[in-house]
Every structure is written in structure tokens, then in C-alpha cells.
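Reader: I have a model open on my screen and I'd like to learn how to read it. Could you walk me through it, one feature at a time?

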Amino acid sequence: MFDADVASNRLGIELVSAGDGVAVARMRITADMVNGHRIAHGGFVFLLADTAFALACNSHGPATVAASGEITFVRPARQGDLLVARAVERTRYGRSGIYDVTVTRGDAEVIAEFRGHSRALRPTTDGSAPGEGSAERDRS
């Protein structure tokens, strides 16, 4: 899944590890990622956390997508910072799950806390890949 993630790969996000409901990803903040205050734009921090979340919730096998996600920014990140996102599964129930992601500067300061809710897609019967034309079916 990560190899096909064009957005994450183009931003330089690296997969450190993933498996059994946990994942670690990292990204260096570049000059193209800072806002007018010269700090990392929150959208990039969210994207890193969301990528770790996706890796963790897809580690079980069935294709899984985000149902929702929210983030709390704790400290600013700056150009040159290496951010590390650590995702951990809190619970899975039916086709749903809850995951927490902590984003840190290196291995130390907490930059942001993210919580994501996942939804596993239903297998298709028409031969298409999960998610192709099945969005309405998966809302139920």
C-alpha cells in the first residue's frame, strides 16, 4: 500500500516499520512545507500522522480507510526538523477501529497528537478492487 501512496512518497515520508496494528513513519520538514509564520504548515503534520495511521490500520490485511481523524498541535515544527509519527491501535470492533498517533521531533518533543477512526472496506463481488465504485456500499 505504501509503495503506491504517491502523496506520501513525493513528500519524502519514509516507512520505518509497520505491523500488527502499529506503524512508524518519518518526514523531514523542508522549505516548501513552512507557512507564513516560518513554521511547518499543519496540513503536512496531519498528512504524516494520517500516513502512519493508514499504515497501522492496514497492517491487518483488509483494505481500510479513514472514517475520521483529528489532530491537536502541541508545538510548532520548523524547517529541517525530522518528525516521527508513531501509530498504535487502541481497539478494533467489527469493521471499525480507533488509532492514536503521536508526532515527535526526533525521539523527544511531542509536536502533535492525532486520533483516527478507521473503516475496513467490504470485499467486492464484481472483481473490482475495494474502494472502486464501492463507496456508497461501504457507508453502511
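Reader: Let's start with the largest pocket. Which elements each supply at least two residues of its lining?

Author: Keep in mind that this is a predicted model. As for the lining of the largest pocket, α2 and β3 each supply at least two residues. Helix α2 gives the largest share, six residues.

Reader: How much space lies in the largest pocket, and which residues are the closest to its centre?

Author: The space comes to about 220 Å³. The lining has 14 residues, and M1, D5, D50, T51 and A54 are the closest to the centre. Sorted by class, you get eight nonpolar residues, four polar ones and two charged ones.

Reader: On to the rings. What describes a pair of aromatic rings?

Author: Two things: the distance of the centres and the angle of the planes. In this structure, a search of the whole model turns up three aromatic pairs. Take F46 and F114: the ring centres are 5.2 Å apart and the planes sit at 70°, so this pair is edge-to-face; the cut-off for that label is an angle over 60 degrees.

Reader: Where do F46 and F114 lie along the chain?

Author: F46 belongs to helix α2 (residues 42-57) and F114 to strand β6 (residues 110-120), so their pairing ties together parts that are 68 residues apart in sequence.

Reader: Is F46 buried, exposed or partly exposed, and what about F114?

Author: F46 has 29% relative accessibility, so it counts as partly exposed. F114, on the other hand, is buried, with a relative accessible area of 2%. The cut-off for buried is under 20%.

Reader: Which residues do the ring pairs link into a cluster?

Author: The members are F46, F53, Y99 and F114.

Reader: Now the strands. How do the side chains sit in a regular strand?

Author: They alternate between the two faces of the sheet. In this model, strand β6 has pairing to look at with both β3 and β5. Strand β3 (residues 64-73) runs antiparallel to β6, with nine bridges joining them. Strand β5 (residues 96-105) is also antiparallel to β6, over nine bridges.

Reader: Which residue in β6 is the bridge partner of G69, and which one stands opposite Y99?

Author: For G69, the bridge partner is G116. Y99 stands opposite G116 as well. While you're there, look at the hairpin of β5 and β6: four residues lie between the strands, and G106 takes a positive phi near 60°.

Reader: One last stop, A23. Is A23 buried or exposed, and which residues does it touch?

Author: A23 is in strand β2 (residues 22-28), and at 3% relative accessibility it counts as buried. Leaving aside residues up to four places away in sequence, A23 touches S17, A18, A52, L55, A56, A85, R86 and A87. With A87, 64 residues apart along the chain, the C-alpha separation is 5.1 Å.

Terms used
Residues numbered from 1 in each chain as written. Predicted model: local features only at pLDDT ≥ 70, side-chain atom pairs only at ≥ 80, totals over all residues. Heavy atoms only, no water. Phe/Tyr/Trp six-rings, centres within 6.5 Å; stacked < 30°, edge-to-face > 60°. Buried < 20%, exposed > 50% of the residue type's maximum accessible area, 1.4 Å probe, protein only. Contact = heavy atoms within 4.5 Å. Pairing = 2+ DSSP bridges. 1 Å grid on protein atoms, 1.4 Å probe; cavity = no way out; pocket = protein on both sides within 12 Å on 5 of 7 lines; lining within 4 Å. Points joined across faces, edges and corners; volume = space filled by probe spheres on them. Nonpolar A, V, L, I, M, F, W, Y, C, P; charged D, E, K, R; others polar.
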